[in-house]
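Subject: Structure handover

Hello,

Here is the structure for your files. My notes on the ligand site and the salt bridges follow below it.

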Amino acid sequence: MSPDSKQTGSDDRAYITTPIYYVNDRPHIGHAYTTTLCDVWARAMRAVGKDVFFLTGTDEHGVKVEKSARERGIEPQALADENAAEFERVLQIFGLTNDDFIRTTQDRHVRQVQNLVRRLRDTDAVYLGEFEGWYDEGQEEYVTENRARETDYKSPISGRPLVKATEKNYYFRLSAFQDRLETMFDSEPDFVRPLARRNEVLGRLREGLQDVPITRTNFSWGIPFPDDESHVIYVWIDALMNYATALGFGDDAPETEHLRTYWPADFHVIGKEILWFHAVIWPAILMALELPMPRCVYAHSFWISEGQKMSKSLGNFIDLPTIEGYMETYGLDAWRWYMVVQGPLGATDADFQAAGFHETYTTDLVNTVGNCASRTTAMISKYFDGVVPSDEGITFDGWDFEAEIGASVARWRLAMDEFALDAACESAIGIFRTIDAFINATEPFKVAKDDSRRAELASILARCAEALRVGSVLLAPVLPNKMAALHEALALDAGASEISFDESTGWSEILAGRTVRKVALFPRIDAPTIETTS
Ligand code: ME8
């Protein structure tokens, strides 16, 4: 596979990853959000016919896990097992379609990280050195003298004082990759998205890179450095490598050869706070390992809650029980919809509001998607005994309905390819708005009163049903359960997903003669009732 093939989007394989989540935290909206975005994209790419590998998992080493476990009087592995199980449960609850779940304490990962680090040391990309610098304990990273001065020797994240630290450690020769990284940022303007995030990273990159320590000696809960076990591999290097070890790059074993064909990732989807590691350190490691670069590191922004940063003390955390409350009231698909269309996909944070959730549900799902589906199926039931009529080819002034639907499909396809999931949803729901407008303009309920206009009535409803079918294909990645229900109501075979994307979204007469059922997809719900539980 050529390293460039992903850039053109021509490859028939796709690889998408979430961050691997720390097991010292309970799952919350942030984790559910990133994983849901990846799930929507993975489903969409499968629908367009790609062979997708969707990876998520848990980050289980490091001093924080060691400390939390000690506080509870249990072994770090026991804590990791408990919380990793909780993260896996989330995947079940949300019906997420990841192809693998990697845990950094698994043998396959540990062994391969050691091999990869050995490879880096053998090529002198990793060396033993001594270092003195300003250390941000909360972030577990060193900051340059310049940056430390700028922030008055305090952490820009936690505000706590930076500490002067000296260590004998193994270092990754990050500075050696300065030019290659800058060249790559120039030649691949979409390598980091959104654009505002790219500019931030590029600005910091141009300040100059320092080598980074990749081992620690002050804790033991980590992967031992190969052939020098007094050091453990720093949790970040261990964690980043998951994207490669899941596909078997650390031992190139024949049984994982097929997995390596998914490389490189189309999207490493992450939150903005971990961008530096993904946009600079990770590519440099890949350069050192001579592995092709990912197509894009996509760093979304943050959910805040009712106008404030989420925190335990404010009790406004959107945690798992709260999310489950929303899912019980509005359904899983409604949750996914809100995540994707109102979430912080771009460069600004998004505010989670119960009222906003309710409004989005009512406007988009009840009044648009649901209403359109029930209107169309109800009229077919009433005027044609539920049997979808054939399109009689009548033209309606000012309407090129089929072309409008086709244009929405094309926009959806382009947006999905670029991970513009919100724009893709907008294109998909646009089909439902078009159907509504078409019904309002052609007034089938009036046409039905005149027996001499049956051909006109048939043409209107055949087209609406067909557009409904196409729209349901485009919405399925984000609303998989409700669109499955709609497919069933439209008497489409379960095997419909087997046909190609072009066939399933092309204009057809596939529904003509089928008996459809009246369908109510999204019940109207009175008022927001869900409280945050934490
Ligand atoms: O950082 N809004 O793990 P983590 C949106 N283990 N997304 C959020 C969020 C919020 N308020 N809070 C968290 C780690 N996230 C490392 C990653 S990867 C090699 C190692 C999401 O458990 C977002 O994706 O702290 C963020 O990057 C991730 O959770 C951090 O998860």
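A polar contact here is a pair of N or O atoms within 3.5 Å; within protein, one must be able to donate a hydrogen and the other to accept it, and residues adjacent in sequence count only if both atoms are side-chain atoms. By that rule, a nitrogen atom of the ligand lies 2.7 Å from an N or O atom in the side chain of Asp-59.

This is a predicted model, in which local features need pLDDT of at least 70 and side-chain atom pairs count only at pLDDT 80 or more, while totals for chains, interfaces and linings use all residues. Residues are numbered from 1 along each chain as its sequence is written, and side-chain values use heavy atoms, with hydrogens and water left out.

Ligand site

Taken alone, the ligand exposes 680 Å², of which the protein buries 93% (Shrake-Rupley method, 1.4 Å probe; for residues, only the protein chains shown count as cover).

The shell around the ligand holds 23 residues, where near means that a heavy atom of the residue lies within 4 Å. Ile-20, Tyr-22, Thr-34, Asp-59 and Gly-271 are the closest. At least two shell residues come from each of β1 (13-22), α2 (29-47), α9 (235-240) and β12 (267-271), and β1 gives the largest share, four residues. Helices (H or I, at least four residues) and strands (E, at least two) are DSSP runs, numbered from the N terminus.

Salt bridges

The count is 32 salt bridges, each a side-chain nitrogen of Lys or Arg within 4 Å of a carboxyl oxygen of Asp or Glu.

Glu-86 pairs with Arg-89 at 3.3 Å between the closest N and O atoms. The two are three residues apart in helix α4 (residues 76-93), so about one helical turn separates them. Glu-86 is buried at 16% relative accessibility, whereas Arg-89 is partly exposed at 37% (buried is under 20%, exposed over 50%, partly exposed in between; 1.4 Å probe, protein chains only).

Asp-227 and Arg-118 form a salt bridge at 3.6 Å, N to O. This pair links distant parts of the chain, 109 residues apart: Asp-227 is in the loop between β10 (223-224) and β11 (232-233), and Arg-118 is in helix α5 (residues 107-122). Asp-227 is exposed at 60%; Arg-118 is partly exposed at 29%.

Regards
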